[in-house]
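Trainee: Could you take me closely through one part of this model, the place where the domains meet? I would like the terms set out with their cut-offs as you go.

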Amino acid sequence: MKIRYFDHAATTPVREEVIKEMIPYFGVQYGNASVMYSLGRNARKAMNNARDKVANAINCDMNEIYFTSCGSESDNLAIKGFAYANRNKGNHIITSKIEHHAVLDSCKSLEKEGFKVTYLNVEENGVVDLQELVNSITPETILISIMFANNEIGTIEPIERIGEIAKKHNIVFHTDAVQAVGNLRIDVKALNIDMLSLSGHKFYAPKGVGALYVKEGIDFKKLQDGGEQENNKRAGTENVAEIVGLGKAIELIYNEFDSYNKKLTELRDYYISKVKENITGIKVNGDMSNRLPGNANISFKGITGSELLLKLDEAHICTSAGSACSTSNPGPSHVLTAIGLDKEYLNGTLRVSFGRDNTKEDVDYLVDTIKKIVT
Ligand SMILES: *Cc1c(COP(=O)(O)O)cnc(C)c1O
């Protein structure tokens, strides 16, 4: 039976074009990118070509891109690496209550080491409270880290405003843009973003490769010691093949940005309206306009998200109850708690996230199946 996949916020399938681009670097082009002879130079060239593609996608210089092993590593490097290197300037960090755990737990680690962290509240739609942000700034504040778009409820944060506030107060601004890259147009210069995390497997590159943008002039401490790879900021022989894949994937997704965005938006809106039409006792979470194109997060009364998820799995439908990163962590997610979702809805949440291969017929099948399960 055909699998219908609606969990692109958890991960995406690697595109054929991306696989094709990577294959030589698993095989004949096996050189180490740090060595001098031509086999190594070829690898280095391919890697820097990918670096250039990432830089083009977000409008920065290629020397401002550092490849990592994943989005989580990028978040750790940005937050902890920056905090360790800039401790002498202050010990206060501002983030939000709805960040990914890679950000939240990096901040918690720093708290154990004497840093102070403010976790901003969000409105009912998941938008951070900007007034609270401004009020939280102290002379000790060195870093603001607010995600570009939320992985559970899809809310897009007011990044431009946050960038302005950070700039005005001379505070460095990091954003976890793992859900945003590929789904939204991003210009780090126009948005005053100083550091940005991204991850390949959220836009049809393989798992296990990510990148961190750090604006020239901003210092951060290397967290993984060893060789001098990545401008001496991240030790370890580079994952050349996957870096090549990430470069290809980011180029492809932005080349087809308008049609991809339109497709996901249409599928999302079609799904939400069909659920509203067919099922009672539901609540759509997140913001209705400032929302990731492919994200629909809906709570259903009288059923738990995991029950729903398992029944859908029996029908070969892949969705998510909350986020992929919290499957071993039962109970309502920190994001749904932070938006103050009513108790009767709190446990019955289903996140559906659309991708390139989904069709309207898939959505019809999905809604029909949900309807059968909940009624
Ligand atoms: C997926 C995700 C991450 C983690 O990225 P990995 O590459 O899986 O480590 C971080 N932040 C957000 C918002 C995500 O959606």
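Mentor: A salt bridge is counted where a side-chain nitrogen of Lys or Arg lies within 4 Å of a carboxyl oxygen of Asp or Glu. By that rule, one salt bridge is found across the interface of domain 1 and domain 2, and the side chains of Arg185 and Asp258 meet in a salt bridge with an N to O distance of 3.3 Å. Please keep in mind that this is a predicted model, in which local features need pLDDT of at least 70 and side-chain atom pairs count only at pLDDT 80 or more, while totals for chains, interfaces and linings use all residues. Residues are numbered from 1 along each chain as its sequence is written, and side-chain values use heavy atoms, with hydrogens and water left out.

As for the domains themselves, whose bounds come from an automatic or database domain assignment, domain 1 is made of 4-12 + 257-374 and domain 2 of 16-255. Their centres, taken over C-alpha atoms, are separated by 27 Å. To the contact (heavy atoms within 4.5 Å), domain 1 gives 32 residues and domain 2 gives 34 residues. Between them the two domains bury about 2,800 Å², 54% of it on carbon and sulfur atoms, where buried area is the accessible area (1.4 Å probe) that two parts lose on being put together, summed over both.

Polar contacts (pairs of N or O atoms within 3.5 Å, within protein one able to donate a hydrogen and the other to accept it, with residues adjacent in sequence counted only if both atoms are side-chain atoms) link 22 residue pairs between domain 1 and domain 2, both residues being at pLDDT 80 or more. On the side of domain 1 that touches domain 2, two or more residues each come from helix H9 (257-278), strand S9 (282-285), strand S10 (295-300) and helix H11 (334-338), helices (H or I, at least four residues) and strands (E, at least two) being DSSP runs numbered from the N terminus. H9 supplies the largest share of that side, five residues.
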